[in-house]
Amino acid sequence: MNDKPTPLVEMDNISIAFGGIQAVDDASVDLYPGEVMALLGHNGAGKSTLIKILSGAYKRDAGEIRVDGKAAEIHNPRDAKKYGIETIYQTLALADNVDAAANLFLGRERLTRWGTLDDVAMEAEARKVMGRLNPRFQRFKDPVKQLSGGQRQSVAIARAILFNARILIMDEPTAALGPQETTQVGELVKQLKSEGIGIFLISHDIHDVFDLSDRVCVMKNGQVVGTASTDDVTKDEVLGMIILGKCPPGAVPGPGALSAVA
Amino acid sequence: MSEATSTASADRARSSELGPVGAFLKATELDTRMLGMIGALFVIWLGFHLLSGGLFLTPRNLWNLSVQSSSVAVMATGMVLVIVTRNIDLSVGSLLGFVGMVMGVVQAELLPDILGFGNPWIWALALAAGIALGVLVGAVQGYAIAYLGVPAFIVTLGGLLVWRGAAWWVTSGRTVAPMDATFRLMGGGPAGSIGATWSWIIALLACVAVVFMLMSGRTQRKRFHFPLRPVWAEFFLGAVGCVAILGAVGVANAYPLPIGIVRRFAEANNITIPEGGLFISHGIAIPVLIAVGVGIVMTFIATRTRFGRYVFAIGGNPEAAELAGIPTRWVTMKIFMLMGALAAISGAISTARLNAATNAMGTLDELLVIAAAVIGGTSLAGGSGTVAGAMIGAVLMQSLSTGMILLGVDTPLQNIVVGLVLVVAVWLDTMYRRRIQ
């Protein structure tokens, strides 16, 4: 372990319950710079909940989060952003009634020297970053609810990368996209990875993410089944982890593994 | 508009396919909804004018209409922000009564004993006390809504009863009068108007401001190489703005002071009244100036500040606003504090105009204010609304009651008409919104 670099993020023994339901139970996961970690599992396995704890949307009941090896205090989304943790939510979390630039800068508006909104500067920067992601995008004046699914997605992605994220969380990033846009997102993931950004990719569909990922972490019923490098396991083995909770030899078993005792 | 949203290609290419009206609207970037409302207002005015045999569109009636609209218009600007965040404030009428009563007591009974009767600071201190109280009450209600999680409807429904009761409690139901002489100017009337000369000066300043805003907007867009409006559209907008301002001031200046007041004025200044009477203009009424000033400030807050951006973002998607790191609870509480301050300003206008603080003041105003905001295009589903629209809505509501009074319509029938107009206006708006989706 000594020759390994410090992980960008470590989430240790995280638990959270809603009412009587243990949504995440003693889950641990880590992420290194320039690495893509796929978080897999059925709907309701606890992936989104685990990651929402990291992004500050939920407060954990137990466990510890470390960023760069140091304990991180994350109580709300603003705290998470201070650590460079940016999230693209499954629901996109866009304010539908305002335009793309307002969404990109939501909560972090550019101000003029009189303290008013600098809409022109924000739009200029929005045009720059959207030009990189989606060069055909022109509808900067329309509220985002009038945009297509792919356009809305690119607004959400642009918002996450605009502020020099170090840790990017993508929750089902391609769920609403067509094949061409999905390829685009794949390209983007590779590019961000080469810039040293650590990425959590959350998906319930292994085919979407297996080829993009360096490691996979499978969750089931709120627990981690196992973590493995994509070089050491096959897609079928990962499917076995997702469906049965069976941990293959190439993976490090977690508390939720079926044959953890053996 | 519907075909405009269906394709993802560049919107510039499409302008050639629009008809002349569409091209005109696109070039001027005018809000069609707002145009429709102004059109409806003019239709109503013209209708009443014809039905009343030429009584409605007179300087005197329009001047009075402007004064009568100002109290509700001031509160409607704040109600927009409340409704945009999917809340409601049913307490504004009672709050107006309570704060108005306290301001009345402060200026008529408390301060004269301390500072001496007629002290020039009395009006300012009374107003400041009223605004402070309004903000405090708003803060209490806002805290319960934002931090304790009690629905705004319930908190302010409670407030409706509480503050009306509190207004009674201040003087055990006794009416307080008269108000301080300077304070009274806020209510309008012959003394509470600024006269022809100042009205023209303000009109000219407003025209300069319109031109300046158009020009600075253009320079800004040029700086970042954004698409510009055609030059003719800029000139057109500037001209329309200036004509509207000058026209409104012209109307206010065409309404002369009553003969009795002119005579007193002439005697006091040793002027002999010429043959055929002396024509002295009212000019813009001070409550109207206050309302317009509040409207400008509130528009600025809603569109140019971070707070305003947060208000609309919360209204559009509360969860997204929270996830974006917006302190949604604090913003909500601030909205209700702002609403309290505006209710206090309206209370000052109402007490000054009545020259008395009464227990029943502001009764049912909450409904007029909400109706004005909703007719003005504020969606109860949250996320959309404009301050200017709500103010036009207030004028529209007041026009209806003024017009019906001129026609001699009975009060119960007036209520029926206003109620129906509210429902029909919102129905039309719903259809309009569905079409542009």
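**View 1. A:Asp68 is partly exposed, with 14 other C-beta atoms within 10 Å of its own.** By the burial rule, a residue is buried if 20 or more other C-beta atoms lie within 10 Å of its own, exposed if 12 or fewer, and partly exposed in between, with C-beta atoms placed from the backbone. This is a predicted model, in which local features need pLDDT of at least 70 and side-chain atom pairs count only at pLDDT 80 or more, while totals for chains, interfaces and linings use all residues. A:Asp68 sits in the loop between β4 (62-67) and β5 (70-71) of chain A; helices (H or I, at least four residues) and strands (E, at least two) are DSSP runs, numbered from the N terminus. Its phi is positive, about 55°, although A:Asp68 is not a glycine. Most residues other than glycine have a negative phi, and most peptide bonds are trans.

**View 2. B:Glu29 also has a positive phi without being a glycine, with a value near 55°.** Look for B:Glu29 in the loop that links α2 (20-28) to α3 (32-51) of chain B. B:Glu29 is exposed, with 10 other C-beta atoms within 10 Å.

**View 3. A cis peptide bond joins B:Ala177 to B:Pro178.** Omega is about -10° at this bond. B:Pro178 belongs to the loop between α7 (152-171) and α8 (181-184) of chain B.

**View 4. Chain B is built with 18 helices and 0 strands.** Its C-alpha trace spans about 70 × 65 × 50 Å along the principal axes. A compact globule of 437 residues would have a radius of gyration near 22 Å, and the 23 Å of chain B agrees with that; the radius is taken over C-alpha atoms, and the globule rule is 2.2 Å times the number of residues to the power 0.38. Buried residues make up 42% of the chain's 437 residues. Two residues are in contact if their C-beta atoms, placed from the backbone, lie within 7 Å. Among contacts in chain B with a separation of 6 or more, 80% come from residues 24 or more positions apart.

**View 5. B:Ala76 and B:Ala372 touch the most other members of the largest nonpolar core, which has 186 residues.** Such a core is a set of buried Ala, Val, Leu, Ile, Met, Phe, Trp, Tyr and Cys residues joined through C-beta atoms within 7 Å. Helix α15 (residues 328-354) of chain B gives the largest share of this core, 15 residues. Beyond its neighbours within four places in sequence, B:Ala76 is in contact with residues including B:Val369, B:Ala372, B:Ala373 and B:Gly376.

**View 6. Helix α10 (residues 231-253) of chain B has 23 residues.** From first C-alpha to last, the helix reaches 33 Å, close to the 33 Å expected at 1.5 Å a residue; the expected span is 1.5 Å times one less than the number of residues. B:Val249, B:Ala252 and B:Asn253 are buried in α10(B). Their cover includes α4 (59-84) and α9 of chain B.

**View 7. Domains 2 and 3 of chain B have C-alpha centres 25 Å apart.** The assignment for chain B gives domain 1 (1-30), domain 2 (38-188 + 285-436) and domain 3 (194-284), with bounds from an automatic or database domain assignment. Where domains 2 and 3 of chain B meet, domain 2 brings 8 residues and domain 3 brings 7. On the domain 2 side, α4 and α12 (286-304) of chain B each give two or more residues, and α4(B) gives the most, with 4.

**View 8. Chain B meets chain A through 26 residues, in contact with 27 residues of chain A.** On the chain B side, α9 (195-223), α13 (306-316) and α14 (318-323) are the elements that give two or more residues. The largest share, 6 residues, belongs to α13(B). This side of chain B holds 11 nonpolar, 9 polar and 6 charged residues; Ala, Val, Leu, Ile, Met, Phe, Trp, Tyr, Cys and Pro count as nonpolar, Asp, Glu, Lys and Arg as charged, and the others, Gly among them, as polar.

Terms used: Residues are numbered from 1 along each chain as its sequence is written. Chains are lettered from A and ligands numbered from 1 in the order in which they are written.
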